[in-house]
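Thanks for asking me to look this structure over with you. Here are a few points to read alongside the model, taken one at a time.

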Amino acid sequence: MASPTVERAAEPATPTDTLLELDRLDVRYGGVHAVQELSIRVRPGETVVLIGANGAGKSSVINAIMGLVPAAGGQIRYLGQDITRSSPASRARAGIRISPEGRRVFAHLSIEDNILSGGYTLSKAKRDEALAWMYEAFPWLAARRKAPAGTLSGGQQQIVAIARALTASPKLLLLDEPFLGLSPVAIADTSAAIRLVQERGMAVLISEQMARPALKLADHGHVLRTGTLRRSGTVAEIRDLALSEDYL
Ligand SMILES: Nc1ncnc2c1ncn2[C@@H]1O[C@H](COP(=O)(O)OP(=O)(O)OP(=O)(O)O)[C@@H](O)[C@H]1O
């Protein structure tokens, strides 16, 4: 079968302004070729979305960037360094953090312990500073900080998962399907939380199949289908394809 055509809008060649660069990334699970020669870039402070249906390969890309699944080919560069074979812990120390698909908060731990679990290597002063910012940004977190995270709604758990990823002030935040299973109100709350992250100057890479809310947050985006890029460009350039078919 012929490979689908990749429509690629012209990107300015500014490699020195690049935070993360995937260069022909491949991810395989045995015989399943989940991600095929994927090349994308995230600049400092930029928000990029990766739109695709179930099984398109979004989680595989996010997990490969965090080092949670190995790259079968290609290169992952971060701040100009090849991190393709680095451990997840060293990537976290370098400033990459993930809010995984399904949030995965620790249901029996308190909200505060969940948030602090993202910053266990920090000094007490830094952790207190992170908590203070989080509680100012999300006052309801402060009010319920001793409550088990498992008692929260899906939307609230998503915000805790984002807060946990933010404790160490990462340079790059990876959000894997942050809107999955959320109500419209919870999507709006999660979007507001992501905007606060953006205001602090962090770069964000969002994988989503709910294109509409994700596109509202992004500068650039990519449409992924069965592991390959179908279109890349500004949000305006990818909008029609991202919103079409069964991505919603
Ligand atoms: N651990 C695994 N073992 C085998 N195949 C896998 C594994 N994880 C993912 N896959 C396959 O890789 C492909 C891409 O999956 P991936 O989870 O990356 O897609 P996705 O776009 O994140 O989808 P979803 O929205 O369902 O999470 C799919 O065909 C999936 O079945």
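1. Let us start with a single residue. Leucine 196 sits in helix 7, which covers residues 184–199. Please keep in mind throughout that this is a predicted model.

2. Is leucine 196 buried or exposed, or something in between? The residue counts as partly exposed because 18 other C-beta atoms lie within 10 Å, while 20 or more would be needed to call a residue buried.

3. Next, have a look at the ligand. A shell of 13 residues surrounds the ligand, and the closest of them are Tyr29, Ala34, Lys58, Ser59 and Ser60. Two elements give two or more residues each to this shell, namely strand 3 (32–42) and helix 1 (58–66). Helix 1 provides the largest share, with 3 residues. Sorted by class, the shell holds 7 polar, 4 nonpolar and 2 charged residues.

4. Strand 3 turns up again in a sheet. This open sheet has 4 strands in the order 3-2-5-6, and the pairing is antiparallel. Strand 3 and strand 6 (81–82) form the edges, each pairing on one side only.

5. At one end of that order, strand 5 (residues 73–78) and strand 6 run antiparallel and are joined by 2 bridges.

6. Now for strand 4 (residues 47–51). Why can we call this strand largely enclosed by the rest of the structure? The reason is that 5 of its 5 residues are buried. Thr47, Val49 and Ile51 point one way, Val48 and Leu50 point the other way, and all are buried.

7. Which strands pair with strand 4 in the parallel sense? One is strand 9 (residues 203–208), joined to strand 4 over 5 bridges; in strand 9, leucine 205 is the bridge partner of valine 48. Another is strand 10 (residues 220–225), with 4 bridges to strand 4; here valine 223 is the bridge partner of isoleucine 51.

Definitions and conventions. Residues are numbered from 1 along each chain as its sequence is written. This is a predicted model: local features need pLDDT of at least 70, side-chain atom pairs count only at pLDDT 80 or more; totals for chains, interfaces and linings use all residues. A residue is buried if 20 or more other C-beta atoms lie within 10 Å of its own, exposed if 12 or fewer, and partly exposed in between; C-beta atoms are placed from the backbone. A residue is near a molecule or strand if its C-beta atom, placed from the backbone, lies within 6 Å of it. Ala, Val, Leu, Ile, Met, Phe, Trp, Tyr, Cys and Pro count as nonpolar, Asp, Glu, Lys and Arg as charged, and the others, Gly among them, as polar. Two strands pair if DSSP finds at least two bridges between them.
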